[in-house]
Amino acid sequence: MSASNNHHPRSPARRHFMGASAAFVAKVAGIAALASIAVPPSSQAAPGNGGGWGGGAGGGKGHCFLKGTRVLTSRGEAQIEDLRIGDPVKTMRGEDLPIKWIGRNTFRRSGASWPKMVVPIRVSRFAIDDHTPHTDLYLSPGHALFIDGFLMEVRDLVNGTSIAPVVPPDVETIEYFQILLNTQEVIWAEGAPVETFAGGNPDLFTNFVEYKRLYPDDPCSAVPLAAPNLSRGRAHLYALLGLGASYFIDVRDPLQEAYEQFAARAEELAP
């Protein structure tokens, strides 16, 4: 699909995720305070599929979108490696926000196989619903999708079929790109809602010198998205919910539900 013909995600998908955005705003009003206590960035809980994939790779660890991934901008979809600082990307909040910086990492295979932390997770076409993603999407294991008002790291959704660790064929070099805005946002990559970088140590990227040259007094931070990351500190979150928040909030495990839903969908679509 060309960029000129894809200024927005397909209308049913767009309606679906704008609905999710509205639900997200409502949820945050009830759980943001809990999440700020219950989801410490340093804690790691059991993944939704009981296995996970990789360790320490992804959203905040220097990887992100595989080279070739198409991101929705104000001018349509563009491959991430073609984006530049200042280019506006579309966000779920409805604003077109300029890119502050793009981090890069390159990995070359030195043996017969790739390390798990480097292997991208492929979210196959239509793995999420009938429109999402509209093309196979490759993310680093710890990068999060925005599902039902929550961030969910893709490694915790791996079902071995529609969502699985896959290196594209004939690839000897894996290149990842990371988008930093002034605020952490939900953007569209191959039509799927995904997080942008929340900030961290620019030294994690091979081009960190560029960031330090452009922003010598900036610690490489972004205002975090007010959405709980269910792949981190889930035990703390649900313990608090069980202590009384269930009177106000539907106590469930959205990450496990999403995993089961996508796994079931994969079985239904299997030939």
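Is Tyr 211 buried or exposed, and what is its relative accessible area? Please go on from there to the rings around this residue and then to the rest of the chain.

A: The model is a predicted one. Tyr 211 is buried, with a relative accessible area of 0%; the cut-off for buried is under 20%. Trp 101 is buried as well, at a relative accessible area of 1%.

A search of the whole structure gives five aromatic pairs.

The reasoning rests on the cut-off, because planes over 60 degrees apart count as edge-to-face. Since Trp 101 is in strand S6 and Tyr 211 is in helix H2, the pair ties together parts 110 residues apart in sequence.

Ring pairs join Trp 101, Phe 197, Phe 205, Tyr 211 and Tyr 215 into a cluster. A charge is found at Tyr 215: the charged end of Lys 100 sits over the ring of Tyr 215, at 5.0 Å from its centre.

Now to the chain around this cluster. The protein chain has four helices and 14 strands. Of its 271 residues, 50% are buried. Among the contacts with a separation of 6 or more, 72% are between residues 24 or more positions apart. The chain exposes about 12200 Å², and carbon and sulfur atoms supply 55% of that area.

The buried residues of H4 are Pro 254, Leu 255, Ala 258, Tyr 259, Phe 262, Ala 263, Arg 265 and Ala 266. Viewed down the axis of H4, these buried residues fall within an arc of 165°, so they line one face of the helix. An α-helix has 3.6 residues a turn, so residues three or four places apart point the same way. Glu 267 and Glu 268 are exposed on the other side of H4.

Some backbone details remain. Most residues other than glycine have a negative phi, and most peptide bonds are trans. Asp 170 has a positive phi of about 60° although it is not a glycine. Asp 170 is in the loop between strand S11 (163–165) and strand S12 (173–180), and at 81% relative accessibility Asp 170 counts as exposed. Cys 220, also not a glycine, has a positive phi of about 65°. Cys 220 is in the loop between H2 and helix H3 (234–242), and is buried, with a relative accessible area of 1%. As for the peptide bonds, the one from Thr 132 to Pro 133 is cis, with omega near -15°. Pro 133 is in the loop between strand S7 (121–123) and strand S8 (137–139).

Terms used. Residues numbered from 1 in each chain as written. Predicted model: local features only at pLDDT ≥ 70, side-chain atom pairs only at ≥ 80, totals over all residues. Heavy atoms only, no water. Phe/Tyr/Trp six-rings, centres within 6.5 Å; stacked < 30°, edge-to-face > 60°. Helix = DSSP H or I, 4+ residues; strand = E, 2+ residues; numbered from the N terminus. Buried < 20%, exposed > 50% of the residue type's maximum accessible area, 1.4 Å probe, protein only. Lys NZ or Arg CZ within 6 Å of the ring centre and 35° of its normal. Contact = heavy atoms within 4.5 Å. Areas by Shrake-Rupley, 256 points an atom, 1.4 Å probe, with all protein chains shown as cover. Arc of directions from axis to C-beta.
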